[in-house]
Amino acid sequence: MRRASGLRTLEAALIRSGLGPVAGVDEAGRGPCAGPLVVAACLLAPKAYDKLAGLDDSKKLTESVREELYPVITRLSLAWNVVVIPAWEIDSIGIHVANIEGMRRAVAGLGRRPGYVLTDGFRVPGIPVPSLPVIGGDAAAACIAAASILAKVTRDRMMVELDERFPGYGFATHKGYNTPEHLAALNQLGPSAEHRRSWRNVREMGGPRAARGAADHAGAVLTEDADADGRVATDTAHAR
């Protein structure tokens with residue numbers, strides 16, 4: 001496929017072949033040592049809306065542009081779904097398995113069955129429709145680019161919230177990535193409950209400070225979730 005025709009080339013070819021509608025799947029948060037992995041699936045309408053002309057790999061866009069595109073994508077897409085995999089689950093099953101599982105969950109939760117699925121970089125077994133991994137897909141297919149923006153914006157917003165719950169780490173700035181500032185805070189404070197213990201740099205920072213941090217977090221959660229009668233709420237909020 002020639003890129004000259006833009007991000008819609010691959011999707012348009014699949015639709016012309018009777019394989020539409022086409023969903024794109026991408027993730028945000030594979031590399032960080034803290035915070036969740038967020039996976040999004042997006043089923044764009046065949047029409048190329050002018051308001052989505054700015055779609056591109058989310059990493060190439062500024063934060064303000066991503067925030068502007070987010071509501072446009074959610075409004076104009078045929079269906080979309082965002083799945084959040086927390087740090088503890090990543091530690092339990094591994095980041096690659098979490099990524100593949102997240103992609104399956106994202107497609108399954110679309111609410112509308114796609115005719116074809118394009119995934120960014122990884123082959124995803126278990127998707128009940130034909131699929132194709134696309135290397136650099138967020139810069140090659142509009143539906144993957146849209147999914148990458150949904151995932152990135154959702155995760156960035158979550159990290160800003162975590163910065164308020166776990167002050168001192170700078171989550172709002174570095175979003176959990178291994179920046180010098182984050183590593184310095186990790187060395188000083190120890191891991192929080194949102195750090196991935198399966199990452200070597202986090203595991204090596206474990207110890208009494210980490211245990212105290214986890215206990216403080218658990219107490220804060222219980223305090224926040226207790227209702228007026230003193231009962232603890234058990235519902236978990238899920239991003240969409």
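This is a predicted model: local features need pLDDT of at least 70, side-chain atom pairs count only at pLDDT 80 or more; totals for chains, interfaces and linings use all residues.
User: How many residues of strand S4 are buried?

Analyst: Residues are numbered from 1 along each chain as its sequence is written, and side-chain values use heavy atoms, leaving out hydrogens and water. Strands are DSSP runs of E with at least two residues, helices are runs of H or I with at least four, and both are numbered from the N terminus. Buried means under 20% relative accessible area with a 1.4 Å probe, protein chains only (exposed is over 50%, partly exposed in between), and for S4, residues 116–120, the count is 5 of 5.

User: Which residue in S5 is the bridge partner of Thr 119?

Analyst: Strands pair if DSSP finds at least two bridges between them. S4 and S5 (residues 131–134) pair in the parallel sense over 4 bridges. Within S5, the partner of Thr 119 is Pro 133.

User: Which word describes how H2 and H5 lie to each other?

Analyst: The axes of H2 (residues 63–76) and H5 (residues 142–165) come within 9 Å and cross at roughly 120°. Axes are lines fitted to C-alpha atoms, for helices over the stretch in contact (heavy atoms within 4.5 Å), with angles from 0 to 180 degrees between N-to-C directions. Under 35 degrees counts as roughly parallel, over 145 as roughly antiparallel, 65 to 115 as roughly perpendicular and the rest as oblique. H2 and H5 are therefore oblique.
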